[in-house]
Amino acid sequence: MGWRITGYRESYQGRLHIDGVDAVDLLRRYGSPLFVFSEKRIRANLERLRRAALSVHPRVKICFAAKANSLLGILRVIRESGADIEVNSGGELFKALRAGFRPEQIVFNGVSKTPEELSDAIVSGIYAINVDSSYELDLIEDLSRRLNRPANIALRIVPEIGTRSHAGLQTALLTSKFGMSQAQAVECLHRALKNPRAFNLVGLHIHIGSQTPDPEPYIQAFELVWRVALALYRETGHRLRHINLGGGFPVPYLHNSRLAEMLPEKERTLFTARLDFGQVLRQALERAATIGDHLAGDLLDRLELVFEPGRSIIADAGTLLATICNIKTRPETGDTWLLLDAGYELLLSMSNYKWYYHLVAAHRADDPHTTAYKVAGPLCDGGDVYFDIEGRGRLPDYRFLPEGLAGGDPLAVLDAGAYTLAQASHYNGRPLPAVVLVTESGELQLIRRRESYQDLLYAEV
């Protein structure tokens, strides 16, 4: 294992560099904590997924999951890279349109869409609203009649498929809050076809969750929705435009074999997961091709396959740079604590899901990272730590960094681009940090200014 990525995340003269830019110099220039994103890495991640999909199927639509990171500066890079977008709220729809995405590039997910959000989506004429229930279908029907405009809809099916991901990231079980059962979906499909003035039935949607380490759940999920699409065609002659397989493709977060050995097998599998996306899609299509006759094959060939990757596009393209603000020792336990200026107000998954983020000393990146430290954030909360206070082993008790670290030293939190800024808060009255984008040409672009204390009051009356 290793944290370096050739041409992107490297060390030079002992210091961490991001696309050739010195991380220590970035902290000095923009302050701490600081998020740094790589435009080149975002584009490379998108292109890798696109090529893998197109090598298997000619009609592919990659929709970046805006919930992973909806900064306008990031969305602009996504759009200019030729990708489309998936949104999960009226706010994300607003930002997607503001970033320049055309309506036909937008997919709208969500379990609790409001009438206002659905009206905006219908009026905008987006690619598809992924309908989450029969109740929502009723709501869309009513709104479409009032607006005198049919809604482009796909139905979200829950396939009852478990994965080896974190329980909070599994969305394909009937015990989850997402989607409708297969029987409910079939009923809603026929309802939609009977009312073309309100509905333009374009697809089916399925999403098995995030950070899924195995290919089989994706293959099973595709087989299920393909059988539903094929049955609908045989019964009604209606051809769906697309099948949406969601996202959730994993990212390896754990870059230290010593730490990996300290974790239970489930967590070790979760944080080191990798999948060959092209191979998974190939296997899924090969299995689907065995179902049905030549007419089914023609239907399958004409389908557009939609994907909603978020984490796999943006996670390793983002780095959080932080500073050691306090050091304390506990003679009674023998521990040395490093207290940083970044905690779960910026890394909420670390608290919610006991998520692992790898740490590197940005100014001593080549030094042996072999000294054990307890690492914690600045919040007045005992859970604001980079380890598992419950003692269940879901996070390592210590982080290994160079010996002799001092106050003011910079640390880098790697693979911090997904579900960090999107979930960040002002807890403890802490303004959000600046965000810098390293462009493809190597220029530095401030895409979010550092907030001031005054910004903490902007919405208060």
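How many bridges pair strand β8 with strand β9, and in which sense, parallel or antiparallel? I started my notes there. The model is a predicted one.

**Entry: β8 and β9.** I looked up β8 at residues 128-131 and β9 at residues 151-156. The two strands pair over three bridges, in the parallel sense. I then picked V131 and searched for its bridge partner in β9. The partner is L155.

**Entry: the barrel.** Next I asked which strands make up the closed barrel. I followed the order β5-β6-β7-β8-β9-β10-β11-β12. That makes eight strands, with parallel pairing. I also checked the angle between neighbouring strands of this sheet. On average they are turned by 30 degrees against each other, with direction ignored.

**Entry: β4, buried or exposed?** I moved on to β4, residues 34-38. Five of its five residues are buried, and I noted the strand as mostly covered. I then sorted the residues by face. L34, V36 and S38 lie on one side. F35 and F37 lie on the other. Both faces are covered.

**Entry: partners of β4.** Which strands pair with β4? I found β13, residues 318-330, which pairs with β4 in the antiparallel sense over four bridges. In β13, L321 is the bridge partner of L34. I also found β19, residues 434-438. Here the pairing with β4 is parallel and runs over five bridges. In β19, V438 is the bridge partner of S38.

**Entry: recap of β4.** L34 and S38 are both buried, on one side of the strand. L34 has its bridge partner in β13, and S38 has its bridge partner in β19.

Methods:
Residues numbered from 1 in each chain as written. Predicted model: local features only at pLDDT ≥ 70, side-chain atom pairs only at ≥ 80, totals over all residues. Heavy atoms only, no water. Buried < 20%, exposed > 50% of the residue type's maximum accessible area, 1.4 Å probe, protein only. Pairing = 2+ DSSP bridges. Axes fitted to C-alpha atoms, helices over the stretch in contact; angles between N-to-C directions.
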